[in-house]
Amino acid sequence: MSIQSIHKLSQLFQPISSRIATAKKFQIPSKSYENLIKYGIIKQINSGMYAFLPLGLRVLNKLTTLVDNEMEKIGAQKILLPALTSVDLWKKTDRFNDNATELFKVQDRCDKHYILSPTYEETICALVSSIGILSPKILPLKLYQISNKWRDEIKPRLGFLRSREFVMKDLYTFDVNLNHAQETYALVCKTYDNIFRNIGVSFVKAIGDPGLIGGSITHEYHYISNIGEDIVYTCSSCQYAINKTITKELHCPQCKQPFLEQHTAEVGHTFLLNTKYTKPLNVSCRLNNVSTSLVMGCFGLGLSRIFTVMIEELSTKEELRWPKHLAPYTVCIIPPKKGSKEESASQYVNKIIEILDQLNIDAILDDRTNLSIGNRFMHARVSGFPYVIIIGKSTMKFPPQVEVHSINDSTNCEIPLDNISTYFHNESIKT
């Protein structure tokens with residue numbers, strides 16, 4: 001990669017606002033929400049509906065890739081379903097009336113009624129059922145999508161934490177019987193554990209509330225956060241955790257230790273549904289010449305909620321901070337100011353770009369050399385670039401050196417140009 005092909009801040013669409021209009025008296029304090037808007041990461045379009053701007057979308061795309069990789073490891077196949085679901089399908093499973101106030105409803109020119117889908121149990125069952133009776137050889141079947149979902153929230157708040165349009169990964173599994181479905185459920189939960197460990201922000205897996213989706217077994221994944229709307233009871237002794245809404249106990253049933261009560265934000269949910277949806281929607285396979293309803297599981301990950309809460313937990317009041325491998329750009333390169341005594345050191349920009357490219361590290365060049373290094377360094381910090389390489393006074397030394405700042409760790413050092421590879425190998429940062 002050369003200086004001509006690297007992404008440049010001068011060309012980046014990052015509308016920065018000096019003032020954010022929010023109804024603060026109705027908001028729970030957040031370290032990151034206003035900064036996400038202020039520093040051009042997301043942009044509110046309507047109440048509870050936000051656009052991912054270029055930097056925000058890069059984060060979402062990296063998170064999506066992480067999830068896709070883990071889904072592929074367990075043989076899940078990616079699909080994409082229509083945004084609209086027939087109301088008739090939801091009536092077949094008796095869910096339409098229970099959810100009516102939270103559904104966006106539309107009607108076409110033929111007077112057919114649809115909803116903008118908040119979840120897709122009915123749709124996926126209708127799809128699989130339309131194929132006919134399945135062969136056991138195709139089971140377990142695991143189909144997932146990553147797409148926008150909709151919920152007519154009465155009080156949208158804090159960006160994607162409680163929004164009307166959100167991004168979710170929803171996986172649906174089909175097994176020949178309950179025993180096999182339980183094995184699939186355990187496999188997917190293990191994969192979810194891997195996803196959250198790879199994200200790198202501490203999480204809690206708790207026994208969950210099945211709610212309107214239902215199910216015989218259900219677990220929730222939470223980030224501990226003051227901006228969350230849930231309360232989870234956790235046991236520090238045996239790590240047992242349960243949503244407060246489904247227990248009256250104040251002590252852990254496994255070790256009898258008192259529960260610790262923590263505010264959390266739910267970012268994932270898993271359900272073993274049995275035949276709740278497959279039976280009324282005729283999803284079946286032929287076993288020993290007998291047609292039998294398949295056992296179903298569904299598994300949701302709120303990617304836009306993860307996006308919101310992980311940065312809330314990592315950021316400071318002044319700076320956005322992402323997990324290093326999910327940041328919009330891993331490294332921001334800042335060359336000398338035009339006309340400064342150090343301007344000749346700009347000759348090393350290409351070499352630095354080549355080194356980072358060889359390491360498969362994505363970088364952006366702050367080529368706005370009419371601005372001071374300090375001004376551009378502050379921009380890099382508030383935008384959430386975890387590493388900043390400054391080409392300045394140190395680069396005029398012999399041998400030439402650069403300043404490397406690890407923003408998330410609040411550390412910096414001066415290293416020779418030839419040691420950049422070693423530095424990042426030690427940091428284990430790759431995209």
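1. Two strands are taken to pair if DSSP finds at least two bridges between them. Strands (E, at least two residues) and helices (H or I, at least four) are DSSP runs, numbered from the N terminus. The model is predicted: local features need pLDDT of at least 70, side-chain atom pairs count only at pLDDT 80 or more, and totals for chains, interfaces and linings use all residues. Residues are numbered from 1 along each chain as its sequence is written, and side-chain values use heavy atoms, with hydrogens and water left out.

2. An open sheet is formed by six strands in the order β1-β19-β18-β20-β21-β22, with mixed pairing. Its edge strands, β1 (7-8) and β22 (411-416), each pair on one side only.

3. Strand β20 (residues 387-390) runs parallel to β18 (residues 331-334), and four bridges join the two. Ile-333 has Ile-389 as its bridge partner in β20, and Cys-332 has Val-388. β20 is also joined to β21 by four bridges, here antiparallel; Ile-390 stands opposite Glu-403 in β21.

4. In a regular strand the side chains alternate between the two faces of the sheet. In β20, Tyr-387 and Ile-389 point one way, Val-388 and Ile-390 the other, and all are buried (buried means under 20% relative accessible area, exposed over 50%, partly exposed in between, with a 1.4 Å probe and protein chains only).

5. Which helices pack against one another, and at what angle? The axes of α2 (residues 54-73) and α7 (residues 303-314) come within 10 Å and cross at roughly 120 degrees. Axes are lines fitted to C-alpha atoms, for helices over the stretch in contact, and angles run from 0 to 180 degrees between N-to-C directions.

6. Contact means heavy atoms within 4.5 Å. On the α2 side, Gly-56, Val-59, Leu-60, Leu-63, Thr-64 and Val-67 meet Leu-303, Ile-306, Phe-307 and Met-310 of α7. These contact residues comprise eight nonpolar, two polar and no charged. Ala, Val, Leu, Ile, Met, Phe, Trp, Tyr, Cys and Pro count as nonpolar, Asp, Glu, Lys and Arg as charged, and the others, Gly among them, as polar.

7. The largest nonpolar core has 65 residues, of which Ile-199 and Ile-306 touch the most other members. Such a core is a set of buried Ala, Val, Leu, Ile, Met, Phe, Trp, Tyr and Cys residues joined through side-chain atoms within 4.5 Å. Helix α6 (residues 178-199) gives the most to this core, with eight residues. Leaving aside neighbours within four places in sequence, Ile-306 is in contact with Leu-63, Phe-196, Ile-199, Tyr-223, Val-267 and Leu-301.
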